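User: Please take a close look at one interface in this model. I would like the contact counts with the cut-offs behind them.

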Amino acid sequence: MFVGDYMTRHPLTVTPDTSIVEVQGIMAENNIRHVPVVEKGKRLVGLVTRQNLRISPIELSSLNVWEITRLLSGLKVKDVMVRGKDVITATPDTPIEEAARILVTHRIGCLPVLEEGIVVGIITESDLLTQLTNLLGLQVPGWRATIRVPDRAGEFAKITAAVASRGWGIDAAGSLPTPRKPGYWDVVIKISAATRDELVAVLQQIEGQELIDIRATGP
Amino acid sequence: MAKFIVRRVLLMLLTMLIVSVTVFLITEASPGNVARNVLGIHITPEQEASFLAQTGLDRPLFERYINWLVGSDWRAATRIGMPLTRITTPDGFQEWWAVEPDGTLIRWKLQGDDLIAQRRQPDGTIVETKDNARWQIRDPILEIERLEALRVELLANTYLSEADRWAILEQLERILQLLHEKKERVEELAVALEQPEAALEALMDPAALRRRDVFEQAATEIKEDEILQALVVAQELAQSPEGEYQIAQLRAMARRVAKAADRIKTVDPELAQQMQQAASSLEGNDPDTAHLILNAASIRLEGFMAGLSALVPALESNDYTRVITVLQDMADPAKTPLDEGQQRILGVSLKRVAKALKAADAALSKELGRAADSLKGGDVEAARQALAHAAEMFAKSSETIVRTRLAGQARVARTFWGVDTQNHAVRWEKGSGKETWVFIVGTGWKAFSGGPVEYIPLQKGLLRGDPGMSLRTGRPVADLLFIRLRNSLVLAGIAFVVVMPLSLLLGLVAGLNEGKLLDRVLSISGMVFSVTPEFATGIFLILIFALWLRWVPGATVFGEQAPWTRPDMLILPVLTLTLVELGYVLRITRASTVEVMKAAYVRTAFLKGLPYRRIIFKHVMRNALMAPITVIMLHVNWLLGGIVVVEAIFGYPGLGSYLLASALFKDFNAIEAGAMILVAVAVGTQLIADVIYTFLNPRIRYT
Amino acid sequence: MAAGERTLLNTIVRRPSRWRRLWEGVSTIGRSKTAMAGLTIVSFWFLVAIFAPFLTPYGPFDQDYKLQNAPPSAAHPLGTDHLGRDIWTRLIYGARLVLIMLPINESLWLPGGIALWGVFLGLVTGSVLGLLGGYLGGWIDEVVMRLLDAMMAFPVILLYMIIIAAIGPSALNIVMAIAIVGTPGIARLVRSLTLDIRTRDYIRAAEIRGESVWYVMFHEILPNARGPLIVDAMLRVGYAIFAMGTLGFLGLGLPPPSPDWGSMVAKGRQYIMAGSPWAALWPSVAIASLVVGLNLFADGLREELARYR
Amino acid sequence: MQTRFHPLPPILKVENLSISYATRYGEVEAVRQVSFEVNRATTLGLVGESGCGKTTVAFGILDFLGPNGRIVEGSIKFQGRELVGRSEKELRILRGDQITMVYQDPMQALNPSLTIGEQLAEVLIVHRNIPHAEAWRRSIEMLERVYMPDAPNVMKRYPHQLSGGQQQRVVIAMALLNNPALLIMDEPTTALDVTVEAAVLDLIAELKRDFDTGIIYITHNLGVVARICDQVAVMYAGELVERAPVKELFAHPLHPYTQGLMRCVPKLGITKEESRLYPIRGRVPAPQDRPWGACIFAPRCDYATERCRNERPMLREIALGHSARCFYAGEIDPSAWQPSKEIDLPVVEPRAASGYGTVLEIENLKTYYEQPSRSVLSLFGLGKKQHVKAVDGVSLRVPRGITVGVVGESGCGKSTLAKTIIGLESPTAGVLEFLGFDISMPVTRRDVKLIQELQMVFQNPDSTMNPAYTVGQQIARPLQRFKTVPPHQVYDEVIRLLHAVRLDPSYYDRFPSQLSGGEKQRVGIARAFASRPELVLCDEPVSALDVSVQAAVLNLLLDIQRRYGTTMLFIAHDLSVVRFFSDFVAVMYLGHIVEFGSAEAIYAPPYHPYTEALLSAVPIPDPCATQKRIRLEGNVPSALNPPSGCVFHTRCPRRNLLLDQGKVCEVETPPQRYNTEQHYILCHIPLEELRKMEPVITTL
């Protein structure tokens, strides 16, 4: 689970000399919010986001409409972008959770992915959230079961053993410490090969664990 | 690669062999006669035959080719029975010598009836000794045949008195008898023959021999006659290829022509004026104009002068029958029609002849004098009668000469193979009475009764580094050839250095701009330059730069100097050569570039997003230049052709003009050597081109 | 309806007839400015050559001793040479020798000039050699190629010089020399074309019909080598004129007093520095223009043909 | 590919693209209002016959149309940004970096005088500005990525030192070096052998997955489309006539042209008795002859109405993601289609190879070529002589009246075999008898009667006819030469033959340059049959033709063969065509026939391992069919120095079926194992083992 596997390859890029009007158009048309700025050789020199393009009304209020037009048409990406050294980047071998941490801690929406200084992709909040859904198996139809287990070694193995004994496979799995209940973890598994009743029967039999929720999810 | 080069070198040798044979065959097919070219048009058949023998040209083709290729000295050495060697004297001449068993260098010459041996001492001096012991009696059977024939001639001869006839015949019979008896024992025969031959000696008249000398002297004097000289000069010029003179030669010729003009001023002022004009042309380094004028003059002179000039060799050779014929021809109005001016000139000339002959034959001289006077007085009829009379008289007075000659012939011939002083292996023969003509440097042609009768010209052969003698100059071909080659290489080299980068660049530029105006201008002007013959380009350039703008000289005159001493004279020749080649290479480069630009891999390069310059320099150029570079090398042949023409236009003393002159002269040793050099250059450059090509084109390198 | 479609299809498929193709060929030439310029020059010389006697009051050998090396005037539009002969007259009679008549001896002449005959004979021998070498291959090819290599290795001018010096400068001999010198180049061209054409399937088809070697060479291969050969021949006529001029200039051309252009230049050259350049200039211009014209024509033709291939 | 919430915009969006060229007929539109999209990690197949403007579209995307071409209208949006009207400089930055291309003929596309390494590295150096050593290293990595053996060494070689398959790998590596967003492939496998093609197609599929690259794949081969494309766009005469996902297209072709194309292609596994090929009548109109304001396909369409001829249909979506440019799309039922009377269909009945006697008898035939040695010694006739063993011990018996197909990769000796039989090459050894007469001599020394009985149809339509003569003259020549008919009847006979090959008598006076490829091939057939031969060799007669023409020519050949009762030897590399056309099939490898049998027997187990590999490589025009994936390694070994024992052992994927892991194959020549009387396999593996193999192709 590295950035390289989940990033968007061939991201749309612009050059520092692109006019911001054009960038705005590109963003709107392709419904994206972040565009890496590259120079010759796909080397990253900056990043433009929708925020960068927003011009505060105060700045404009003193200008008449012609001056605004001229100002806007003259503005280039390099005038508004986040400069290269300020752009936080990832590499294809960054783990995705690390990427997510960076996004969260810096409160930013995307990470350009660089390989030897060359932009090879971009990973955004939505890419990561997509992977969260994949992690928990939203993209496959089947049964999503939430099981609360004690924080002890070997508890997860019990679940897998129970499932495996019936010849089913776990399509996706994830676990988090139970919120507001220390000492327990909530495990989410996704199974598609069983019927609801079979699954409930098996999971309920596991000692010391509690089946909290079971529901059908899918795309 | 090794295989490739070995193969090409073998092919090159094969090609050169084929070419040398071809040139030999072509020159052999030539109807023109080298002897006439060398000796002038008035030579006698005997002189011609002798010349051909001395130069080895009478030999069969195959033998000549072998001589040329691998030399003739080894064949000559077996005849002579001694090894032969070639040395170079301190003053630069090459001499052939036979080597005696003790290592002494030896060669021979004939002085009167004596064989003289020259021995070269270690310090280079030459010691002469009589060496008559080497004479051998020729095959008696052949001698019998010859003497039988002589007997028939003796009986038929009408110029001899009966007494003389019988005296000679008597001795002849005795000699024949001795020959019949002792033909098996040659040594004895020599002793036995002494007596009858001594008797024949008595029949020979020393005075007659002396008169012979006077005749020759007279001939020499007549030859110095300016009018005749004017004719000779004119004919020399008419025959020699144009643009082939050193300045010194031109000056000397101008003096001769001027002198001749001066001499005939009183006789034929119009003609004198023309010749004066010719002389000034010669002074002004314009032999061609002079040639034209003299040609006209010689036509004017020719009618009767032909007879007069025929008189010279006839007198020279003591050929009384021919002297008679010439005189009779002059007397015959049908054979020598004369207009008024010509009568006057002939009168003056005959006077001169009469004066020259006075010492030798007073009566004859007087009669000729009378003819001259009559001509002066305008009485052509009387003159003709006098001439006819002179012919008659001359016939009578030649009896002693005839007797002396026949007595000389009635002896048994001796023979000897050796090396002469003219670098031939020679078989001398004395006593057969046969006259042989020998060309002696500084003297000219001389007839000898008894002398060399068979020649093997000595040469080492091309394969051993000896291209032979030039017939035109009488010097070894190699001497001049390499100087001329150097001059041509200078010219071609400069042109090449100018042409190559420029034309490749322009061609590339034109090709990259295919279809645009720049391309049109470049390729059409390139085409115009490349297809306009060099001489036309040269003429245009001379008109513009030499005549109109007067920036540079319109001709090159180097004399013996190296061409780079006068760079201003090189400008026009180089420019002419450059323009022609430039257009050609430009066109090839353009075509090749256009083709490469259409190649799929150039499309690939564009679609790889490479910058234009990188595409041109990395992808296009190497592939586009592959064709032109090899084609240029193949084009060296054309370049050589251009050089010949350019050298002819500007009178540049290069290999091309040398070859042209040699070709016109049929100086085939020079042609062969030149052809070999040119072919070696052409094939050699092709080989280089192929090697370059393999390095440019990796496909060939690895397959 | 089906029939209607057929005709529609036929109109699409219908291609021009033979005449139409010829006309297209001619109009192709017309499209090329280069070719037209060349054609104009060449036609000019052909026309003056054909109508030479009607275009001048003089004969080519008429001399006027009073007017030597005269500059252009009304009587002599291009001036006179050193013997007082009219240069224009000699030029147009010279064009006859080049283009329309080949004198065999004093009374007999063949139609077609020296240059044309030379190239034609070269074409015949070159084609035969090239076809033999290219089609039969093997040792025949090897022999032919070695022979041609040797001839090609011979500097052209030297070959001319030796041939003419050897067989003497007459019109027929110059034709021979041009043919001999041209042969290797033509043979190589034909050979390379043959090598290409002989890989085609229709040659296979003829071979498996058991056709004779001669049939394949002359009926199957040669007609398809026509196009490049014609263009090449045109260029070669240019080179032949070039060569004729050069030979004349070097004193190896037609014996005087023939109005040979090259010899005219050679004679006229002697009077350039004396201030009368006309006798050298005009024949130079004539040769240059005719050769350039032929090349322009051939080039334009080749380009137009290549463009729509 | 992982799934996403938000669908990403397409990499390339082409809308209403029209491209025209300036020609002698004026401005001619080669591509007219083409629209399509290419998504990430998907392959769009651009299909159509030659001359339909596929390549023009490809070059149009890169605006590389040459001096006389230009984009008339339309938009090309690459990653949301308009490409039309961009400056050359901006395009240059995109080319080779974001958009790359792979070409049909890799040999031509690589610069012959630069090493592979230089050509690869410069892409990186120019677009990435990195040092040479670094670029070199990355190029090697990329070569390894495309499974190029011995990559570091390949970098130092020149293009001509690589085989065709390797060259194509280099070109693909070059295209992928900069990790492009869009890859355009213009018939990248057309020039390759079927086995190499299969490997390259596998590679392309893998790379698409790994690089998330959008691919435009241009081809005329429906089998290739079925194998690797996700989306298909069908082009006809410069227009896009149908667009659909691949399975949808093959299952429900909507446009009559697409339907017609599918009917033209022989299906592997179906014999001529079971199936028919229905050619589309007419031919693709030249760009200058295309009608405006009408359906462009109307002249060739069986469903065309007055409306089609007067109004131009627009591309409209019929089903989800499935569009067609036809007024009646969706209404036409392909299964109800009936061939129109204008198409000639041969009557085919099954035939057995017995009873009629033998026409051609080949026994242990060997044809070797001498190869000059490279050493200096060879100049003097010394040195060891080497032989190319093009045909090395072939035995074959061709019974009267049937068709024997010969298949194999290029270089397997099938053409040499044909040349030897026809007499263009002399056999080195062996027996060659035709109608009982010895014909092991060159054609020139054969009896004219025998020559007449043995004729040939050639591959390349452009060179099959002599451009200097008219059609009539060329057909008449064999008639005159063999005196098939009296001289005064030659003209009538030529007309009769023209009729036989479905050509109008007006063709008599036409020159080859006025004919299309299919028409030339028809004339070639008429010429071959003019002498009424007993045996006709067909050397790849349809491989250079478009599918619809191919179908027509195949039908014609079948028809003529039936009428004249001619025996045929049919040489081809396309297994489906051979299967369709032949009664018996011989599979050749390196000068040997490794398997021989009736067509049905060859295409079902037991297989020779080579046959099996060939079959698994054939692209099948059916995206739902499954095919075993057997790939041969390496290249065909040189015939100069063929492997010992079984010639196939160096590449045999089945050697492990033997107990000793195939040691015996390296030493001993394999035995002929007879499956049935008329089916043998040349292999060490026992027939029982071979019979256990599963069929290569299973159709759902």
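Analyst: Across the interface of chain C and chain B, one residue pair is found in polar contact, with both residues at pLDDT 80 or more. A polar contact here is a pair of N or O atoms within 3.5 Å; within protein, one must be able to donate a hydrogen and the other to accept it, and residues adjacent in sequence count only if both atoms are side-chain atoms. The model is predicted: local features need pLDDT of at least 70, side-chain atom pairs count only at pLDDT 80 or more, and totals for chains, interfaces and linings use all residues. Residues are numbered from 1 along each chain as its sequence is written, chains are lettered from A in the order in which they are written, and side-chain values use heavy atoms, with hydrogens and water left out.

One salt bridge (a side-chain nitrogen of Lys or Arg within 4 Å of a carboxyl oxygen of Asp or Glu) is counted between chain C and chain B. Asp299(C) forms a salt bridge with Arg587(B), and their closest N and O atoms are 2.6 Å apart. On the side of chain C that touches chain B, α12(C) gives the largest share, 13 residues; helices are DSSP runs of H or I with at least four residues, strands runs of E with at least two, numbered from the N terminus.

Contact, meaning heavy atoms within 4.5 Å, takes in 48 residues of chain C and 54 residues of chain B. The buried area, which is the accessible area (1.4 Å probe) that two parts lose on being put together, summed over both, is about 4400 Å² between chain C and chain B. Carbon and sulfur atoms give 76% of that area.
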